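Please look at the sequence and the model below, and then follow the explanation through its parts in turn.

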Amino acid sequence: MLNCAKPTVLARIETHWHAPWLIGALSHQGTSHAAEGSPNQDAFAVGRVGDVSWMAVADGVSTKPRSQEGSQLAVTRLGEVLGRALMDGAMPSAKMLTDAYTNEPIR
C-alpha cells in the first residue's frame, strides 16, 4: 500500500508594529525539504532604529551543507551593521548594505 501522508511542513511567521507600518515576515519549509528531513534554510530579521525600520531576508542554498546557518549569519550580520550605522545617524544606502559584508571582519 502506498503511503500518501504529507510530511509535516514547518513555518516561521513574525509581525512587527513599527507605526505607522505593520511588517510581516513568513518563512515556509518546502515540502521536499520536509520529506527529506532537511531544515528550512531561509532566514529573516526585522528591526527598527529611531524612525527607520529594516528587514533582511536571505535564501539558503539547499545544495550546500549548513546553508541555514549561512542565511541566519547573513541577516544577523546585516542587522548588527545596520543597527550601529543607523544609531550613528547614517542614512540607509546600497553602500551600507555592501559594506556590511566587505569592510568589517565577521565576529
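Helices (H or I, at least four residues) and strands (E, at least two) are DSSP runs, numbered from the N terminus. This is a predicted model, in which local features need pLDDT of at least 70 and side-chain atom pairs count only at pLDDT 80 or more, while totals for chains, interfaces and linings use all residues. Residues are numbered from 1 along each chain as its sequence is written, and side-chain values use heavy atoms, with hydrogens and water left out.

A place to begin is glutamine 41, which lies in the loop between helix 1 (31-36) and strand 3. Buried here means under 20% relative accessible area, exposed over 50%, and partly exposed in between, with a 1.4 Å probe and protein chains only; glutamine 41, at 7% relative accessibility, therefore counts as buried. If contact is taken as heavy atoms within 4.5 Å, glutamine 41 touches His33, Asp59, Gly60, Val61, Ser62, Ser67, Gln68 and Ser71, not counting residues up to four places away in sequence. The side chains of glutamine 41 and serine 67 are joined by a polar contact of 3.3 Å, where a polar contact is a pair of N or O atoms within 3.5 Å; within protein, one must be able to donate a hydrogen and the other to accept it, and residues adjacent in sequence count only if both atoms are side-chain atoms. Another polar contact, of 2.8 Å, joins the side chains of serine 27 and asparagine 40; serine 27 belongs to strand 2 (residues 21-28), and its relative accessibility of 7% means that it counts as buried.

Two strands pair if DSSP finds at least two bridges between them, and strand 3 pairs with strand 4 in the antiparallel sense over 7 bridges. Along this pairing, alanine 43 stands opposite alanine 58 of strand 4, and phenylalanine 44 has valine 57 as its bridge partner. The two strands form a hairpin with 2 residues between them, and in the turn glycine 50 has a positive phi of about 60°.

Helix 2 (residues 67-87) has 21 residues, which at 1.5 Å a residue should span 30 Å, and its end C-alpha atoms are 30 Å apart, in agreement; the expected span is 1.5 Å times one less than the number of residues. The buried residues of helix 2, which include Ser67, Ser71, Val75, Leu78 and Leu82, pack against strand 3 (43-49), strand 4 (52-58) and helix 3 (94-102). Just after helix 2, glycine 89 takes a positive phi of about 95°.

These elements come together in a nonpolar core, meaning a set of buried Ala, Val, Leu, Ile, Met, Phe, Trp, Tyr and Cys residues joined through side-chain atoms within 4.5 Å. The largest such core has 14 residues, and those with the most contacts inside it are Trp54, Ala56, Val75, Leu78 and Leu82. Strand 3, strand 4, helix 2 and helix 3 each supply at least two of its residues, with helix 2 giving the most, 6 residues. Leaving aside residues up to four places away in sequence, valine 75 touches Ala43, Phe44, Ala45, Ala56, Val57, Ala58 and Tyr101.
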